[in-house]
Amino acid sequence: MSLPLHSRVADSLRAQIADGTLAVGAPLPSEATLCATHHASRGTVRAALAALRNEGLIAGGRGRPPVVCDTAVGQPFETFMSFTAWADSIGRTPGQRTLEVARRSATSVAAAALDLEPGTAVVDVLRLRTLDGAPAMLERSSFVESVGRKLFDFDPDSGSIYAYLTGEGVDLHEGRHTIDAVAATDIDAAHLDIDPGAPLLRERRRAVDLSGTPLEYADDRYRPDRIAFTIDNTRTAHDLRIVKEIS
């Protein structure tokens, strides 16, 4: 079944942004031009533009043509624990290439994050994540052994590790995310097709079950030209709610 017209219009604009036809800072064609180009109503075009705004790809409006604000794509923070679920939800194609799944002694950092004694066995996963076939993120995860050993019965090239583990009854209930910048190591550079020392956005994640027991420690490294992080603050009459997203 074909996609709705507003989705096809949005996909066309995303492709032009991705390949540089619409450069960062460039205005988009007028609504009238987009309506004529895509044989679409003004409401359809506005729905497509709203989708791009929600993803952080364009900004502006209110009587002025929207402009391309960057080439990274937006990820609502509630889907941040699953790269695959996020990409699927915005009509992009997630991919993965597994570089390693191995049982070994936890590093000192992973052991501390997982509340394990030094030398305790964990299952490490190293995967390259792609977006529409382009390298986007190098994923490093250390799972406690009782969770990680389930991955030896799973093909991690086939899709979401989180979806598989959840289906196996693992309670990946909550994650705490710490975001900073690091220089690409030789391994990062080789797999992400960048120079050693190039800046990367790092997201460290500690996932726990409902009782607060740690299950995973992750160190994911993103190409900042593909994905960037923003935070929106919303103040209500009673509280300050922080909404995090990737844009």
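Helix H1 is followed by Gly 20, whose phi is positive, near 90°. The model is predicted: local features need pLDDT of at least 70, side-chain atom pairs count only at pLDDT 80 or more, and totals for chains, interfaces and linings use all residues. Residues are numbered from 1 along each chain as its sequence is written, and side-chain values use heavy atoms, with hydrogens and water left out.

**Exercise 1.** Determine how the buried residues of H1 are arranged around its axis.

*Solution.* Buried means under 20% relative accessible area (exposed over 50%, partly exposed in between; 1.4 Å probe, protein chains only). In H1 the buried residues are Val 9, Ala 10, Leu 13, Arg 14 and Ile 17. Their arc, taken from the directions from the helix axis to the C-beta atoms, is within 135°, so they line one face of the helix.

**Exercise 2.** Classify the one aromatic pair of the structure.

*Solution.* Rings of Phe, Tyr and Trp (its six-membered ring) pair if their centres lie within 6.5 Å; planes under 30 degrees apart count as stacked, over 60 as edge-to-face and the rest as tilted. The ring centres of Phe 154 and Tyr 164 are 4.3 Å apart and the planes are at 15°, so the pair is stacked.

Terms used:
Helices (H or I, at least four residues) and strands (E, at least two) are DSSP runs, numbered from the N terminus.
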